[in-house]
Structures are given as C-alpha cells and as structure tokens.
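Keep it brief and give the cut-offs.

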Amino acid sequence: MKKSYYNTFLFGILAGIVVQIVSFYFILLLNKSLVGYTERPVYEFLQYLLQYDAGRTQIIPKLLSLAGISDLLLFFIFIWTEKLRSARGVIGSAFLLGIAILILKFI
C-alpha cells in the first residue's frame, strides 16, 4: 500500500492555515469594498483596521473568526475523501486560530 502524503496531520494543518489566510484576504477585500476603501491596497486597509482596533472595537478577531468558517469546508472535503489524518490537522489549525483569537480578544 502506497503512503499518501495528502493524508498526514502536517498536511492538514498547513492546508487549514492556507485556507484561513486566503479566506481572511477575501473577507478583507469584501469589507474594503463595503466600506468604500477601494482606492488603496489591502495592506493599508489592514493597517487602518489595526489602528481602528486600538479603540477596543475588536474588529480583527471577528474577521479572523469568519475566516475560520472556511475550515469547515476543507474538513468535510477531507472526511468525504477519507483522508482522516488530514481532517485532524484541519481541526488542529482551527484550534490554533481559536487560540490566536482568544489572545487578540483579551490583550
């Protein structure tokens, strides 16, 4: 039986983190267009949000938790294709994101 590199815990964690980053980027793009901040790049909008977050409005943790929802789709794809170790890795990346959100919420 040939070992599949796509069915490893490490691959699941890395895939989960990449999906979270990509979905966070798309959420930033969507919010940028909703706010009317379209003339500037995304990193400047992120800097704007970080400065706005200094007033304790907690926008960044909310956006990060929305980005974590995309891990559900990846988790179910790994379950449906019977890559259970990778599915565990996706759960691990979701826990890492949850820890990061808690740290951002309480700092």
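A crossing is left-handed if the near helix is turned anticlockwise from the far one by less than a right angle, and right-handed if clockwise. By that rule, α1 passes α5 in a right-handed crossing. Helices here are DSSP runs (H or I, at least four residues; strands are E, at least two), numbered from the N terminus.

**Basis of the model**

This is a predicted model, in which local features need pLDDT of at least 70, side-chain atom pairs count only at pLDDT 80 or more, and totals for chains, interfaces and linings use all residues. Residues are numbered from 1 along each chain as its sequence is written, and side-chain values use heavy atoms, with hydrogens and water left out.

The predictor's confidence in each residue is its pLDDT, from 0 to 100. For the protein chain the mean pLDDT is 87. A value of 70 or more is reached by 93% of its residues. Confidence is lowest in helix α2 (residues 42–53), with a mean of 78. It is highest in helix α4 (residues 70–80), at 95. Where pLDDT is low, the predicted coordinates should not be read in detail.

**Fold and packing**

The protein chain has 5 helices and 0 strands. Its pattern along the sequence is α-α-α-α-α. Taken along the principal axes, the C-alpha atoms fill a box of roughly 55 × 30 × 15 Å.

Two packed helices are described by the angle between their axes and the distance between the axes. Axes are lines fitted to C-alpha atoms, for helices over the stretch in contact, and angles run from 0 to 180 degrees between N-to-C directions. Angles under 35 degrees count as roughly parallel, over 145 as roughly antiparallel, 65 to 115 as roughly perpendicular and the rest as oblique.

| Helix pair | Axis angle | Axis distance |
|---|---|---|
| α1 and α3 | about 125 degrees | 8 Å |
| α1 and α5 | about 50 degrees | 6 Å |
| α4 and α5 | roughly 165 degrees | within 8 Å |

Helix α1 spans residues 9–35 and packs on α3 at about 125 degrees. That angle makes α1 oblique to α3. The crossing of α1 and α3 is right-handed. At about 50 degrees, α1 and α5 are also oblique to each other. The axes of α4 and α5 cross at roughly 165 degrees, so these two helices are roughly antiparallel. Their crossing is left-handed.

Leucine 72 sits in helix α4. Leucine 72 counts as partly exposed, at 46% relative accessibility.

**Burial**

Buried means under 20% relative accessible area, exposed over 50%, and partly exposed in between (1.4 Å probe, protein chains only). Of the 107 residues in the protein chain, 32% are buried.

Which residues of α4 are buried? They are Asp71, Leu74 and Phe78. Seen down the axis, these fall within an arc of 60 degrees, so they line one face of α4. The arc is that of the directions from the helix axis to the C-beta atoms. Leu73 and Trp80 are exposed on the face of α4 turned away from the buried side.

Helix α3 (residues 59–68) buries Ile60, Pro61, Leu63, Leu64, Ala67 and Gly68. Their arc covers only 160 degrees around the axis, which puts them on the same side of α3.

**Loops**

Tyrosine 37 lies in the loop between α1 and α2. It is buried, with a relative accessible area of 15%. Glutamate 82 lies in the loop between α4 and α5 (84–106). This residue is exposed, at 66% relative accessibility. Its phi is near 60 degrees, a positive value in a residue other than glycine. Most residues other than glycine have a negative phi.

**Aromatic contacts**

Rings of Phe, Tyr and Trp (its six-membered ring) pair if their centres lie within 6.5 Å; planes under 30 degrees apart count as stacked, over 60 as edge-to-face and the rest as tilted. The count is 5 aromatic pairs. In one of them, tyrosine 6 and phenylalanine 11 have ring centres 5.3 Å apart and planes at 75 degrees, so the pair is edge-to-face. Tyrosine 6 is exposed, at 52%, and phenylalanine 11 is partly exposed, at 29%. Tyr6, Phe11 and Phe78 form one aromatic cluster.
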